[in-house]
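Dear colleague,

Please find below the sequence and the structure that I am handing over to you. My account of what was found follows directly after them.

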Amino acid sequence: MTSIIKTIKMRRSCRTYEFKPIEQEKRSAWEVFLTANTTGPFGSQVRFILSDLQQIKPEEAKVPGTYGVIQGAQFFIIGAVKKSEMAMEDFGYAMERNVLYATESGLGTCWLGGTFKRTGFARLIDLQEDELLPAVTPVGYPKQKKSLTDRIFRYMASSDKRKPWEQIFFLNNLETPLSGNQTGDFGQVLECVRIGPSASNRQPWRIIKDEDSRNFHFYLQRTPGYGNLIGGISLQNIDMGIAMCHFELSAREMGLSGQWVRQIFPEPKAAPGGMEYIVSWVGA
Ligand SMILES: Cc1cc2nc3c(=O)[nH]c(=O)nc-3n(C[C@H](O)[C@H](O)[C@H](O)COP(=O)(O)O)c2cc1C
């Protein structure tokens, strides 16, 4: 098995695919993985299917339902989550596990939360009334030569750039950026959060570390007017779930144990600067 930290570093969104089916053996392994991926850290129920959009012909480069953003993909992972308070975070966490599993097996993915039509995908997964379908991802072999749309997307979202450490990681309060030598063993773990995907690459996660413990408090700096879709889908809460996934998997790989605790009352730090408290990692 490849290192999860290496996998997180390798992942990039891919919007242009080879028209090459995924081998049956890999598909069977997928079924096993998806069937076992049933819940997120807050306990919301999730379910995923690997769907073969057979109607796409090789010559038909643009995949229906994705507004032409995705080209050449034949397979999609479609996900649903039961409506609940932390459904978006749980979905983000669980779907990102699928994304990393794909990356590890040499397959490309691209989170789609905005540029896809939900109706067709909802039918394929037989979406229930008490469920939401927050996002899907194509999965397939990446094409070397990227489509123009792919390149424009990456350019528009500055996809190869990330906010510098001092704008997203802090010590005790928002006035004190966290410097490299204050992170202890967690430098690599925080870097795995920083390079993660987020909707339109907005990177809404902010993390405050306690000075005298291994506790990290996760806040959401919401982009005004962005990412809240009809029916309770919030792309930026999904981003938080992805950040939790990267944090936890890389921490565990480094042997850093801990657990998620949502300290609703009192909050660990009264939500500074208009941010929303999400969760804390309480290090052992
Ligand atoms: C929740 C979420 C929703 C996204 N929705 C879309 C989308 O609708 N269309 C798209 O082309 N990319 C979408 N993306 C991909 C981001 O634009 C991408 O992750 C970001 O620009 C960083 O690039 P990278 O993934 O290559 O590192 C989404 C990503 C996330 C996490």
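**Overall architecture**

The chain has eight helices and 13 strands. Its radius of gyration is 19 Å, close to the 19 Å that the globule rule gives for 284 residues, so the chain is as compact as a globular protein of that length. Please bear in mind throughout that this is a predicted model. Taken along the principal axes, the box filled by the C-alpha atoms is roughly 60 × 40 × 35 Å. Of the 284 residues in the chain, 42% are buried. Among contacts between residues at least 6 apart in sequence, 76% join residues that are at least 24 apart.

The domain assignment divides the chain into domain 1 (4-153) and domain 2 (165-283). The contact between them takes 22 residues from domain 1 and 24 residues from domain 2. On the side of domain 1 that touches domain 2, helix 1 (4-10) and helix 3 (87-104) each supply at least two residues. Helix 3 gives the most to this side, with eight residues. The C-alpha centres of the two domains lie 24 Å apart.

In soluble globular proteins, nonpolar side chains tend to be buried together. The largest nonpolar core in this model holds 70 residues, and those that touch the most other members are F91, V136, I207, F218, A243, M244 and F247. Helix 8 gives the most to this core, with ten residues. Domain 1 (4-153) and domain 2 (165-283) both give residues to the core, so it lies between them. For F247, leaving aside residues up to four places away in sequence, the residues touched are V189, C192, V193 and W281.

**The ligand site**

The ligand is surrounded by 23 residues, of which the closest are W111, G113, G114, S159 and P197. This shell is made up of twelve nonpolar, eight polar and three charged residues. Helix 8 (residues 235-253) provides the largest share of the shell, four residues. Why is the ligand shell said to lie between domain 1 and domain 2? The reason is that both domain 1 (4-153) and domain 2 (165-283) give residues to the shell.

Most residues other than glycine have a negative phi. Phi of D126 is near 55°, a positive value in a residue other than glycine. D126 lies in the loop between helix 4 (118-125) and strand 4 (131-132). Is D126 buried or exposed? It counts as exposed, because D126 has 10 C-beta neighbours inside 10 Å and the cut-off for an exposed residue is 12 or fewer.

The other residue is S200, whose phi is near 50°, again a positive value in a residue other than glycine. S200 is found in the loop between helix 7 (187-194) and strand 8 (205-209). With 19 C-beta neighbours inside 10 Å, S200 counts as partly exposed, because a buried residue needs 20 or more.

Yours sincerely

Methods. Residues numbered from 1 in each chain as written. Predicted model: local features only at pLDDT ≥ 70, side-chain atom pairs only at ≥ 80, totals over all residues. Near = placed C-beta within 6 Å. Nonpolar A, V, L, I, M, F, W, Y, C, P; charged D, E, K, R; others polar. Domains from an automatic or database assignment. Contact = placed C-beta atoms within 7 Å. Core = buried A, V, L, I, M, F, W, Y, C linked by C-beta atoms within 7 Å. Rg over C-alpha atoms; globule rule 2.2 N^0.38 Å.
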